[in-house]
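Work through the exercises below with the sequence and structure at hand. Try each task before reading its solution.

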Amino acid sequence: SPRVVIIGAGIVGANLADELAQLGHTNTLVLEQGPLGMPGGSTSHAPGLVFSSNGSKSMTAFAQYTIKKLTSLTGPDGRGSFLPVGGLEIATTQERLQDLHRRAGWNRSYGVQAHVVDADECLRLFPLLNPDLPLGGLLTPGDGLALAARGTQLVIERARAAGVEFRDRTAVTDIEQSGGRVTAVVAGEERFPADVVVSCAGFWGPDIGRMAGIDIPLLPLAHQFAWSTPVPSLAGVNELPHGASRPILRYQDRDLYYREWGDTIGIGSYAHRPLPVDLDTLPAYRPEDITGERMPSSLPFTPEDFAAEWAASQELLPDLRNTEIKRGFNGIFSFTPDGGSLVGESRHVDGFFAAEAVWVTHGPGIARAVAELIATGQSSIDLSDCDLNRFEDVQTTPEYVWETSQQNFVEIYDVRHPLEPRLSPRDVRVSPFHEQQKALGAFFLEAAGWERPHWFEANAALLEEMPAEWAAPERDAWSDRFHSPIAAAEVWKTRTAVALFDMTQLKRLEITGPGAGALLQGLTTSNMLRAPGAVSYTLLLDAAGGITSDITVARLSEQSYQAGVNSTVDLAYLSRRARHQSEENPAQWVTVRDITPGTCCIGLWGPLAGAVMEKVSRDDLSRDGLQYFRARQISIGGIPVTAMRLSYVGEFGWELYASADVGHRLWDVLWEAGQEHGIIAAGREAFNSMRLEKGFRSYGTDMTSEHEPDQAGLGFAVKASKTDDFVGKGALAERAAAATTRLRCLTVDDGVSVVLGKEPVYVGGEAAGYVTSAAYGYTVRQPIAYAWLPNRVETGDAVEIEYLGRRIAASVVDDPLYDPEMTRLRG
Ligand code: FAD
């Protein structure tokens with residue numbers, strides 16, 4: 001079996017060694033710079049609060065696994081490594097109280113118990129609270145305290161007993177590679193051969209990354225933690241010195257959290273200015289000098305940053321007025337550009353994995369996932385939300401990581417709307433149509449660094465002309481944010497005339513070489529060897545039959561394909577597979593190149609799209625001239641364009657691809673020709689609404705690797721006629737037979753309530769599923785929500801969606817809601 005070398009024996013590295021051993025893999029060496037009993041990383045001083053509420057289903061599942069595992073890790077005293085004291089998040093503002101309902105919804109969506117409780121119940125649960133402050137709270141009874149250092153020691157012992165080797169006081173100084181693969185880990189004079197290297201070095205991750213030539217996009221930041229002297233009213237309540245019995249507590253309105261610590265209170269603060277740490281200036285401790293109070297991950301306390309928080313804490317927990325700050329420190333841990341963890345194999349170096357920026361909360365869960373990844377090639381819990389490869393190149397530069405990670409520290413407890421964009425850095429990536437869009441009053445949101453128009457103020461005037469039945473209903477204040485009624489007019493125009501959509505930010509790869517067809521044939525669910533001009537919507541699966549992406553592939557010539565993919569994760573996968581194929585069979589070489597930045601794309605869609613095109617192109621682009629799901633090189637006003645007869649909004653038209661340099665002109669040519677047909681520019685909000693009306697799924701939101709094609713409503717993309725083998729094929733039938741849930745379409749009965757996604761769905765009064773995508777359907781004149789629901793749910797069944805604590809009646813319907821006969825698309 002491959003030799004795995006793990007760098008770091010904090011909670012993540014130690015659990016990874018243990019999880020590999022549990023899966024039968026013991027050819028593992030763990031290298032740790034500190035002494036194993038107290039290595040001195042973040043785990044060594046972690047107060048261990050485990051709050052599981054998370055908008056990400058996978059992160060919630062990782063936390064649940066952590067709780068289960070730590071509970072089962074018993075020491076010689078017979079006790080586990082988790083104190084199930086429960087979690088309590090309190091609200092002192094109405095806005096926060098509403099948000100706690102939203103967070104409770106995430107818990108219920110993902111099968112975790114949660115209750116929004118009133119102020120009296122908060123006081124009963126946590127008697128130290130000032131009765132005047134809480135308006136209510138979110139109680140998560142299953143949450144509690146991880147005894148992280150103890151649990152870590154226990155898994156080290158267990159892994160050792162299973163045959164895993166641990167070497168402490170061994171600082172890794174280099175990583176060797178050959179032919180794009182890791183080969184060894186170097187520590188000073190010593191060299192340890194390795195087939196797989198996993199960096200579990202916590203906030204030291206960027207240093208280890210540098211040894212392998214990889215940017216690890218995390219920033220070490222200091223975060224304040226302090227202990228009070230004994231609190232009078234805690235006398236005799238808890239076991240001393242570390243015990244706790246009351247819930248762990250969050251006071252997000254002041255960026256503070258608390259845990260009992262025997263008869264004292266431990267206080268954590270995110271309220272201070274961000275305190276980035278330069279790894280090069282970190283004090284170096286000799287392993288023998290590391291103690292509970294002196295360790296590299298702990299910097300001296302800066303009382304001036306805590307003064308206001310101490311006052312806020314004394315106001316919240318008045319008995320703290322009878323105490324002092326006994327001790328505090330500025331502890332270091334990792335922040336990332338989007339706040340998520342960094343997990344998986346690097347796309348640049350084979351065999352180099354990271355499991356970093358991982359909280360104690362998710363540590364054992366993520367360790368399990370990485371062990372599965374190494375042992376079987378895929379994790380049973382979807383990793384998209386924390387995939388190391390999810391960032392674009394512009395998002396891994398030191399400047400970007402520096403700014404955005406600090407921003408995430410500042411905003412960690414803020415109430416944030418799902419559509420809320422970052423304010424800086426902005427205008428990082430703009431399409432060639434940016435100037436035209438600005439001139440039309442585009443309201444931009446940001447994604448993957450791109451500026452994406454959400455709607456255009458220029459279309460506000462259309463609201464006067466628009467027939468009343470297209471108008472959007474009034475929304476509640478929360479779903480009204482980052483929404484404009486103008487989207488209704490943009491849908492109306494797209495459905496009845498013609499609109500331009502900027503599709504530039506959808507990632508495009510060029511796959512070329514004599515082996516291009518063979519590569520794609522082996523990785524996708526459709527026949528990729530059809531004659532040039534064919535376009536396929538197809539799926540990438542993992543070996544277990546889970547969907548890892550949905551992509552649209554056009555064969556442009558014998559040896560050249562263009563694939564519309566979802567993210568850099570797809571780029572990582574396809575380029576790795578291409579590299580391997582080229583090495584194994586040089587005659588079948590193939591390259592994968594990201595052509596997104598150098599190209600652009602316009603969706604020209606609507607019943608009058610043909611009339612516009614006739615004016616600017618001599619090519620035959622009639623319905624029969626270029627059929628649905630066909631591609632061809634054409635000229636538009638003298639601009640070379642690859643036209644694909646596709647539409648993500650369900651109307652006749654094309655995706656028009658050109659090089660970026662001519663994009664500006666392409667827009668102008670189409671814009672001018674479209675004037676007499678009432679052409680408009682339309683944004684993402686209209687796009688999303690029409691996508692859902694047409695039932696088109698969005699990867700990562702509607703389905704993930706947890707799902708197989710049939711249950712996601714994508715069985716049509718797996719071609720029964722494909723005789724060649726492809727990844728996942730062998731697992732499909734069994735997986736489909738075992739599926740217990742299906743992605744279903746719901747419409748909201750009151751016709752007006754628009755939900756936003758991730759809300760729990762109740763069947764027969766029980767939380768039984770959750771919403772993925774949702775939008776108001778302007779054409780079908782109903783709010784739409786897609787949701788994962790148990791198989792037993794039938795079309796016509798009544799269900800309820802919980803939105804901010806309120807139950808909304810909805811009905812299960814057959815999809816798609818718009819043009820199920822495909823007459824608009826196919827003609
Ligand atoms: P670490 O524990 O830092 O382990 C990394 C290890 O790698 C270290 O032991 C280090 O010595 C070793 N290493 C580094 N470089 C090398 C090298 N070159 N060679 C060999 N070994 C190397 N999380 C929660 O979930 N709940 C909380 O309540 C919580 N509170 C926190 C409070 C504070 C004050 C801080 C600072 C963090 C808190 N965290 C909390 C975060 C949590 O502590 C960390 O995210 C977690 O411990 C990280 O675990 P790890 O195993 O990835 O990293």
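## Exercise 1: Overall build

The model is predicted, and its protein chain holds 20 helices and 41 strands.

**Task.** Judge how compact the protein chain is for its length.

**Solution.** 
1. Take the radius of gyration of the protein chain: 28 Å.
2. For the extent, the C-alpha atoms fill a box of roughly 85 × 65 × 50 Å along the principal axes.
3. Burial comes next: 60% of the 827 residues count as buried, that is, under 20% relative accessible area.

## Exercise 2: The nonpolar cores

**Solution.** 
1. The largest core has 44 residues. I6, L16, F166, V198, I366, V370 and I374 have the most contacts inside it.
2. Now follow I6. Its contacts beyond four places in sequence include L16, L20, V30 and V198.
3. A second, separate core has 34 residues, among them I7, V197, I216 and V277.

## Exercise 3: Helix α7

**Task.** List the buried residues of α7 (307–316), then name strands that cover them.

**Solution.** 
1. The buried residues are E309, W310, A312, S313, Q314 and L316.
2. Their cover includes β5 (87–91), β14 (219–228), β15 (248–251), β16 (256–261), β17 (264–269) and β20 (325–335).

Technical notes
Residues are numbered from 1 along each chain as its sequence is written. This is a predicted model: local features need pLDDT of at least 70, side-chain atom pairs count only at pLDDT 80 or more; totals for chains, interfaces and linings use all residues. Side-chain values use heavy atoms; hydrogens and water are left out. Helices (H or I, at least four residues) and strands (E, at least two) are DSSP runs, numbered from the N terminus. The radius of gyration is taken over C-alpha atoms; the globule rule is 2.2 Å times the number of residues to the power 0.38. Buried means under 20% relative accessible area, exposed over 50%, partly exposed in between (1.4 Å probe, protein chains only). Contact means heavy atoms within 4.5 Å. A nonpolar core is a set of buried Ala, Val, Leu, Ile, Met, Phe, Trp, Tyr and Cys residues joined through side-chain atoms within 4.5 Å.
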